[in-house]
Amino acid sequence: MTSGISRRARVLAAAVGTGVLVPLVATATPASAAAPAVTCTSAKAGLAAKLKKDITAALATRKGTVAVGLYDRSTNTTCTLRASSAYDSASIVKVTVLATLLWDAKKANRYLTDRENTLAKAMITKSDNAATSTLWKQLGMTKIKGFLSAAGMTQTKPGANGYWGLTQITVTDEQKLLKLLTAKNAVLSDNSRAYIIKLMGQVVSSQRWGTPYGVPSGVTVAVKNGWLQRSTNGWRVHSVGAFKGGGHDYVMTVLSHGNSTMNYGIATIQAVAKVIHKDLAAS
């Protein structure tokens with residue numbers, strides 16, 4: 001057994017040295033063998049197994065690399081897939097920008113100015129990039145990193161040189177942020193949390209795709225999406241959402257890249273969201 005492993009290691013080392021055979025070695029193992037599995041836990045009998053099965057099935061035929069996070073306070077349910085994999089944030093980071101602005105204002109014991117309110121609303125409800133750049137520059141790296149530290153978002157790395165859309169994010173940290181927005185905590189005031197959730201509930205209709213897909217009637221929705229095309233890994237398409245009602249209080253993050261088109265990524269996210277809403281509603 002040991003010699004077999006070391007032999008494989010020598011083959012791989014030789015392949016890396018040539019720079020030519022790596023793809024051949026990589027294809028020797030089926031991709032499915034290395035693919036991480038969805039993991040779920042729940043205080044509600046049978047719910048974890050159902051979610052694991054249905055999320056896995058929803059992703060079975062989808063291309064690209066997808067990361068998923070779910071947390072439902074009501075049933076103490078958690079699901080994760082690739083929780084610590086890093087993705088370019090695209091516009092998802094705008095929620096962090098607003099949270100930083102409010103966190104910093106609270107420390108200075110002040111309200112947001114009319115100008116900041118206008119910028120914040122455009123940034124969240126319309127995903128306005130110019131408004132985001134203005135606030136990002138106003139805050140500066142020290143304050144942004146200060147908020148990330150206070151929020152325990154240790155896996156988030158702010159984009160350099162003003163490129164906020166290239167901030168590195170993970171499901172773990174996005175879920176931490178969503179939890180801060182939806183329950184009392186020492187980082188964000190109740191008014192700040194309510195303000196962010198309110199704006200996420202007022203996102204323009206053309207940007208309300210993603211995690212809200214298939215949400216049961218009577219459940220409130222707060223959402224922020226992100227999308228960005230780059231030369232590597234195709235389209236990044238992300239969605240974060242907070243949902244309350246029907247006996248549940250849950251937050252969801254779905255991150256993806258390697259999508260051929262933006263719409264392909266949206267369809268992948270919505271396939272996951274649909275089964276999550278359905279399984280929770282039935283529990």
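**Note on helix α6 and its neighbours**

1. Start with a contact between two helices. Asn117, Ala120, Lys121, Ile124 and Thr125 of α6 touch Tyr195, Leu199 and Met200 of α9. Contact here means heavy atoms within 4.5 Å. By type, the residues of this α6–α9 contact are five nonpolar, two polar and one charged. Nonpolar covers Ala, Val, Leu, Ile, Met, Phe, Trp, Tyr, Cys and Pro; charged covers Asp, Glu, Lys and Arg; the others, Gly among them, are polar.

2. A word on the basis. This is a predicted model, in which local features need pLDDT of at least 70 and side-chain atom pairs count only at pLDDT 80 or more, while totals for chains, interfaces and linings use all residues. Residues are numbered from 1 along each chain as its sequence is written, and side-chain values use heavy atoms, with hydrogens and water left out.

3. Now the geometry of that pair. Helix α6 spans residues 114–125 and helix α9 spans residues 190–200; they pack at about 50 degrees, with axes 9 Å apart. That makes α6 oblique to α9. Angles under 35 degrees count as roughly parallel, over 145 as roughly antiparallel, 65 to 115 as roughly perpendicular, and the rest as oblique. Axes are lines fitted to C-alpha atoms, for helices over the stretch in contact, and angles run from 0 to 180 degrees between N-to-C directions. Helices are DSSP runs (H or I, at least four residues), as are strands (E, at least two), numbered from the N terminus.

4. α6 also packs on helix α7 (residues 129–151), at an angle of about 130 degrees and with axes 8 Å apart. The two are therefore oblique to each other. From α6, the contact uses Arg115, Glu116, Leu119, Ala120, Ala122 and Met123; from α7, it uses Ala131, Thr132, Thr134, Leu135 and Gln138. These residues divide into six nonpolar, three polar and two charged.

5. Which residues of α6 are buried? They are Glu116, Leu119, Ala120, Ala122, Met123, Ile124 and Thr125. Buried means under 20% relative accessible area, exposed over 50%, and partly exposed in between (1.4 Å probe, protein chains only). The cover over them includes α5 (93–107), α7, α9 and β6 (220–229).

6. α6 has 12 residues and reaches 16 Å from first C-alpha to last, close to the 16 Å expected at 1.5 Å a residue. The expected span is 1.5 Å times one less than the number of residues. After α6 comes Ser127, with a positive phi near 55 degrees.

7. Helix α8 (residues 171–182) is mostly covered, with nine of its 12 residues buried. Among them are Val171, Asp173, Leu177 and Leu181.
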